[in-house]
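Subject: Structure for your review

Dear colleague,

Please find below the structure that I am handing over to you. A short account of the findings follows it.

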Amino acid sequence: MARTTRVPYLVSGTNEYGSANLGRGSATVALRLARKLLREGYMDVRVCTPRGRVLQSSELDELAPPQETSDMAKGQQRSNREAKKPKKEKAKVIAAAPSRKEVTWQPDFGPAKKK
């Protein structure tokens, strides 16, 4: 039994030697192929969508996915979570370092007498 592969996008174009009909599985790959055919000098380049709509070469941009988030850098994209509050900066304490507290002079009264 032969296995058939479903190809939802059909890209077609005509050049001086004849026509080409090529199937592709996704819109982005079909769009890339259609633009390649146009660069190579093919005329009457068309893409047929899974719903049967035929897009002419001037309408190919309708296949392109929206690029709202891909234009932003990864750090600029908003997440679904709320923004976290910035943490307070803590002074680092080094155990080997002497204390920074000011020491005031205290008189020494000598040894304390025990009763």
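A polar contact, as the term is used here, is a pair of N or O atoms within 3.5 Å, of which one must be able to donate a hydrogen and the other to accept it. Please note also that this is a predicted model. With that cut-off, the side chains of Asn15 and Tyr42 make a polar contact, at 3.4 Å.

Once neighbours within four places in sequence are set aside, Asn15 is in contact with Tyr42 and Met43. Asn15 and Gly41 are separated by 26 residues in sequence, yet their C-alpha atoms are 6.9 Å apart in space.

The sheet may be described next. Four strands make up an open sheet in the order S2-S1-S3-S4, and their pairing is antiparallel. Strand S2 (18–24) and strand S4 (54–55) each have a single partner strand and stand at the edges, so one side of each is left without a neighbour in the sheet. In general, the strands of a sheet pair through backbone hydrogen bonds, in either a parallel or an antiparallel manner. Here, strand S1, residues 9–15, pairs with S2 in the antiparallel sense over seven bridges. The two form a hairpin, with two residues between them. Within this pair, Leu10 stands opposite Gly23 in S2. Helix H1, residues 27–39, packs on the sheet and touches S1, S2 and strand S3 (43–48). The direction of H1 makes about 5° with that of S1.

Two further residues in the strands deserve mention. Ser12 lies in strand S1. Is Ser12 buried or exposed? Its relative accessible area is 18%, and because buried means under 20%, Ser12 is counted as buried. Leaving aside neighbours within four places in sequence, Ser12 is in contact with Ala20, Asn21, Asp44, Val45 and Arg46. Asp44, one of these contacts, is found in strand S3. Asp44 is partly exposed, with a relative accessible area of 42%. Although Asp44 is not a glycine, it has a positive phi of about 50°.

In soluble globular proteins, nonpolar side chains tend to be buried together. The largest nonpolar core in this model has 15 residues, of which Tyr9, Val11, Ala34, Leu37, Val47 and Leu63 touch the most other members. S1, H1 and S3 each supply at least two residues of this core, and H1 gives the most, with six residues. Which residues does Leu37 touch, not counting those up to four places away in sequence? They are Val11, Tyr42 and Val45.

Yours sincerely

Technical notes
Residues numbered from 1 in each chain as written. Predicted model: local features only at pLDDT ≥ 70, side-chain atom pairs only at ≥ 80, totals over all residues. Heavy atoms only, no water. Pairing = 2+ DSSP bridges. Contact = heavy atoms within 4.5 Å. Axes fitted to C-alpha atoms, helices over the stretch in contact; angles between N-to-C directions. Buried < 20%, exposed > 50% of the residue type's maximum accessible area, 1.4 Å probe, protein only. Core = buried A, V, L, I, M, F, W, Y, C linked by side-chain atoms within 4.5 Å.
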